[in-house]
Amino acid sequence: MEEPVAGSEFERAKQAAAAVRARTRLHPQVALVLGSGLGAFADTLAGAVRIPYHEIPHFPRPTAEGHAGNLVLGRVGTAVVAAMQGRVHYYEGRPLREVVFPIRVLGYLGVGAAILTSAAGGIHPSYGQGGLVVLRDHINLQGSNPLIGPNEEKLGPRFVDMTEAYDRRYREIALEEGQRLDIAMHEGVYAAVSGPSYETPAEIGFLRAIGADLVGMSTVPEVIAARHMGIRCLAISCVTNLAAGITGAPLSHQEVIETGERVRGKFAALLEAVIPRIAEDSKPPARR
Ligand code: HPA
């Protein structure tokens with residue numbers, strides 16, 4: 001159960017946004033959440049301004065290995081991006097309200113699009129280790145939802161449509177750019193679990209039966225909060241390992257980090273191609 005806290009998330013997001021605005025005149029168009037092993041992409045942004053999370057009021061600080069804690073604003077081509085070098089996860093014991101706080105701040109700053117990257121376990125038989133999967137849809141099995149609690153109308157509506165949570169046009173752009181760059185890509189359904197233990201083989205059998213193609217411990221709360229604010233989403237996962245029981249080999253965080261690092265180059269090339277097209281396609285949503 002999410003603990004209610006005094007004051008509104010909208011007000012807190014506004015305070016955090018003011019701290020970001022005090023550091024840069026850049027107006028971000030695209031929010032980019034960099035998952036395990038991908039944080040270095042933020043170091044390639046042009047004209048970058050790096051703001052450590054601890055210098056932004058209310059910003060949650062990650063504890064997971066492979067997650068630095070900086071918000072980096074800069075450009076990819078002409079697109080202005082706000083990149084999160086690291087995120088917090090539900091399994092760190094944080095309320096989902098904290099997990100999604102950065103997305104709300106970036107929404108307040110005016111992003112119309114969010115690109116969320118992550119590591120995931122591959123369930124679909126055609127997925128190989130190191131493959132990239134564009135999320136077509138998700139199944140939320142985390143047992144909670146970041147929108148539980150009083151609704152803040154200034155952020156969005158009480159009941160949020162999730163029919164096309166992952167923007168069709170963005171998915172097309174990602175798949176087109178993947179093809180152009182000769183990167184093997186798939187489209188699939190992501191099951192979000194709480195972790196931090198990996199799944200059992202029986203759980204993976206269950207996830208496969210209910211239509212999941214990959215499984216991970218992030219992304220979904222952020223997508224829900226983004227959709228609440230009318231932000232269009234693209235999510236891409238790297239299959240860092242085949243899910244439990246598929247090969248019979250034990251899973252390790254080390255393997256997840258190593259695969260993430262191996263795939264980093266092609267993931268970065270894809271992001272670099274996709275971001276300007278998404279920025280071009282995105283109009284800030286009507287809100288506030
Ligand atoms: N399961 C859940 N989350 C993950 C996995 C997995 O196999 N790999 C990377 N994140």
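Me: How do the residues of the lining of the largest cavity divide into nonpolar, polar and charged?
Reply: Five are nonpolar, four polar and none charged. Nonpolar covers Ala, Val, Leu, Ile, Met, Phe, Trp, Tyr, Cys and Pro; charged covers Asp, Glu, Lys and Arg; the others, Gly among them, are polar. This is a predicted model: local features need pLDDT of at least 70, side-chain atom pairs pLDDT 80 or more, while totals for chains, interfaces and linings use all residues. Numbering runs from 1 along each chain as its sequence is written, and side-chain values use heavy atoms, without hydrogens or water.

Me: What makes a set of points a cavity?
Reply: On a 1 Å grid over the protein atoms alone, a 1.4 Å probe fits there but cannot get out. One cavity of 30 Å³ or more is counted. The largest holds about 50 Å³, a volume being the space filled by probe spheres set on points joined across faces, edges and corners.

Me: What makes a residue part of the lining?
Reply: An atom within 4 Å of a point. S36, L38, S118, A119, C238, T240, G260, V263 and F267 line the largest cavity.

Me: Which element gives the most to the lining of the largest cavity?
Reply: α7, with three residues. Helices are DSSP runs of H or I, at least four residues; strands are E, at least two, both numbered from the N terminus.

Me: Why does T219 count as buried?
Reply: Buried means under 20% relative accessible area (1.4 Å probe, protein chains only). T219 has 0%, so T219 counts as buried.

Me: Which residues does T219 touch, not counting those up to four places away in sequence?
Reply: R87, L116, S118, L135, Y166, Y190 and A235. Contact means heavy atoms within 4.5 Å.

Technical notes:
On a 1 Å grid over the protein atoms alone, a cavity is a set of points where a 1.4 Å probe fits but cannot get out, and a pocket is an open set with protein on both sides within 12 Å along at least five of seven lines; lining residues have an atom within 4 Å of a point. Buried means under 20% relative accessible area, exposed over 50%, partly exposed in between (1.4 Å probe, protein chains only).
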